[in-house]
Amino acid sequence: MKRRDLFRRSFLGAVGAALSWASGNAGNFLRAPSREFPSEYDASKLLRDENWKPKFFTEHQNRLFAHLSELIIPETDTPGAKSALVNRFVDHLLAAGLPETQKEVIESLSYIDGEAYLRFGKGFLDISEESQIEILNYLAYPHRLVTWQSNRSEFAGNMHFNRIKEWVARAYWTSEAGMRTLGWDGSPMHGPFTGCPHPENTHR
Amino acid sequence: MPQDPHLVLYDAIVVGSGATGGWAAKCLAEAGLKVALLEAGRSISPQEFTEHMPAYRLDYRNLSPDIEKRRPVQKMCYACMEYNYDWFVDDIENPYSTPEDKPFTWQRLRILGGRTLVWGRQSYRLSDYDFKAASFDGYGEDWPLSYDELAPYYDRVERYVGISGRPEGHPALPDGQFLPPMAMTCGEKLLQERVRSRFGRTVTIGRTAVLTADHNGRPACHYCGPCERGCTTFSYFSSPFTTVNDALETGNCTLITDAIVRHVRMNSENRAEGVTYIHRNSHKTFEVNGRAVILCAQSMESTRILFNSATPTYPDGLANSSGLLGKYLMDHAVGAGASGELSDIPFRKSAAEPNRPNGIYVIRFRNIPGEKRHPRYIRGYGFQGGSSPQFNFEAQGFGAAYKKAVVDGYYRIHLTAFGESLPRLENYIELDPELKDAWGIPALRITMTHGDNEQAMMEDAAASAAEMLESAGAKNIVVNGQLAMPGMAIHEVGTARMGKDPKRSVLNPYNQTHDIPNLFVMDGACFVSSGCQNPTMTMMALTARACDHLIERFRTDEI
């Protein structure tokens, strides 16, 4: 069956008839428009504007976030976070976000900058890549006090790193480049689902 | 031009166009009755469906902060997302209250088709273990009907809807009219075989209202995955494109959208004469008249309409001579289960693979009549779950190693319990004395908590999920034995239960109110007990059965 036939058989014609009395009835009945996405709708195009400027980040925050994003998800055999414009999307998302969310991200960016100042007397962007990686290695994993007791230490640095990483990851894995890195090929049709190829009772 | 529906005397007014309203409209219109079908929301068009649209084309890649602002309650639903959130009610316009220490999340849609647009589609029958549960363990009341009485209607609904599944011959979960079952993964087969041999429990493929073969003019599923964003091939069951469409095609059914029913109007002879609705956009008030009024608005919404229809004869709510209207609210106990990793199964994960919109189901194995009873609780639970390769978005670290770890993924296995929610008098809804919705209609106050029985059941479910995963060789098993907030199952049933005794129930066994002969409630409000099975299939079968009864009464001129 063709999709077009399905649309024809669908209720649209019937509903149209059912509603027509209303549209002819003194115009009291404003039908709320449905929320449709035109087939070419693609909000990611806006991010590629050559005159793009951050709406939420300062210039410095934007550069720092973009740099961190590429350290977290670098270019390999597939594109990295920077060319996927992760910083631009996160800026767009935060500009529309709640004030608490905005505050958290700025705090965590500042924390990472602050760690660089503490260790090297310069901001994160101004230290060598080797030093940058050293800092991230320290922040990127959960910290736990290793003794014969099982005391746990809460380490703010890991929380701040994870917060930045989470925003980078969300933006990257939902970008076209990220989806293609996961194997997406642009087609929604990959059926049928064949499942386990093995004979019955062979998993004991 | 078609006639103004406000000047017509309909045979039947159906309030609500979801799973049950669609069936009521279809059955009655096909029997030749003149039907007005009222929907509180707007119409829907297949052009709104976005199941094939990648997230990066959305304004906020499915992370829109707008959802939080107007739909903080709806957002708790897994299916409420940037793609479709305006199908869900606006929480600011549609408030309800709860006692401060008894939160309840009420997730709902107001749009043609209601929750059938986004439902989980799992479709199971109840058995006599459920219909006669009170006789077995002494708690609550039996249903006023048996499985045999409902079975022909399950057959009819399943044949029309198209349910894929596998017959198992298990008395706790009667088989139905199935299309071919969906396939299981290696991990699921492994679990199935181990659990059968170690525990004698049955793992089966989910029985789902998704077509695995062309059926009734709708093509089979193409396995794109995100059904909750709509289906442009109508391969899963949603009422607008099936039952409602059929009703409209008879020419006997008039659909009135944006009609928020405020109350049922009564005449002086103890009969409903129609409903009064408020137009969603204009806020103007309209009346629709009918010889029978059928509420299919959703369990709590139908009861809310009855409360808002109080008269001097029925001061505590229409059809409430029993005093039980609003009582015995139920919602399945959920939250417990376990997950883990199957590290011995080879796999390669890719986003370019078929995405099965279904999982597996573990049939209830606790407190089966004739078998050992659990010492801590009555009734039982089933598990939904699945096992398949997943991307490892939780991977630690950063850099190329992190990126590779995400892509490489892991083989996940998980089970999530759905437990029976006991009908308890202390779980109820009423009108909030002050709160009103955006149309000035008094809103509900919902008082519900899960009890000790549900908590004990969920703890046992967590333990039994862990032992089953372990038997399948799962590693890194994580369990949860805590109950989720009531409402999270989105299986709200009860508040106008059916029964033979008018003093102990609101509806008779045919969903007709005991008090008013031409007033019916044909949705989940009628449930006497919740079972542990997803309720929609049973609701639709009950509606079809009640409509047969109503049509017969029209024939014999009793309405």
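## An aromatic cluster across two chains

Tyr172(A), Trp173(A), Phe391(B) and Phe393(B) come together in one aromatic cluster. Here, rings of Phe, Tyr and Trp (for Trp, its six-membered ring) count as a pair if their centres lie within 6.5 Å; planes under 30 degrees apart are called stacked, those over 60 edge-to-face, and the rest tilted. This is a predicted model, where local features need pLDDT of at least 70 and side-chain atom pairs count only at pLDDT 80 or more, while totals for chains, interfaces and linings use all residues. Residues are numbered from 1 along each chain as its sequence is written, chains are lettered from A and ligands numbered from 1 in the order in which they are written, and side-chain values use heavy atoms, leaving out hydrogens and water.

## Ring pairs to look for

Over all chains, a search of the whole structure finds 24 aromatic pairs.

Now turn to chain B. The rings of Phe49(B) and Trp87(B) have centres 5.9 Å apart and planes at 70°, so they are edge-to-face too. This pair links distant parts of the chain, 38 residues apart: Phe49(B) sits in the loop between strand 2 (35-38) and helix 2, and Trp87(B) in the loop between helix 2 and helix 3 (128-131). Helices (H or I, at least four residues) and strands (E, at least two) are DSSP runs, numbered from the N terminus. Phe49(B) is buried, with a relative accessible area of 9%, and Trp87(B) is buried as well, at 1%.

## Where the chains meet

How many residues of chain B are in contact with chain A? There are 89, and they are in contact with 87 residues of chain A; contact means heavy atoms within 4.5 Å. The area buried between the two chains is about 7,400 Å², and carbon and sulfur atoms give 63% of it. Buried area is the accessible area (1.4 Å probe) that two parts lose on being put together, summed over both.

The rule finds 1 salt bridge across this interface. Glu200(A) forms a salt bridge with Lys189(B), their closest N and O atoms being 2.6 Å apart. The term stands for a side-chain nitrogen of Lys or Arg within 4 Å of a carboxyl oxygen of Asp or Glu.

Notes: Buried < 20%, exposed > 50% of the residue type's maximum accessible area, 1.4 Å probe, protein only.
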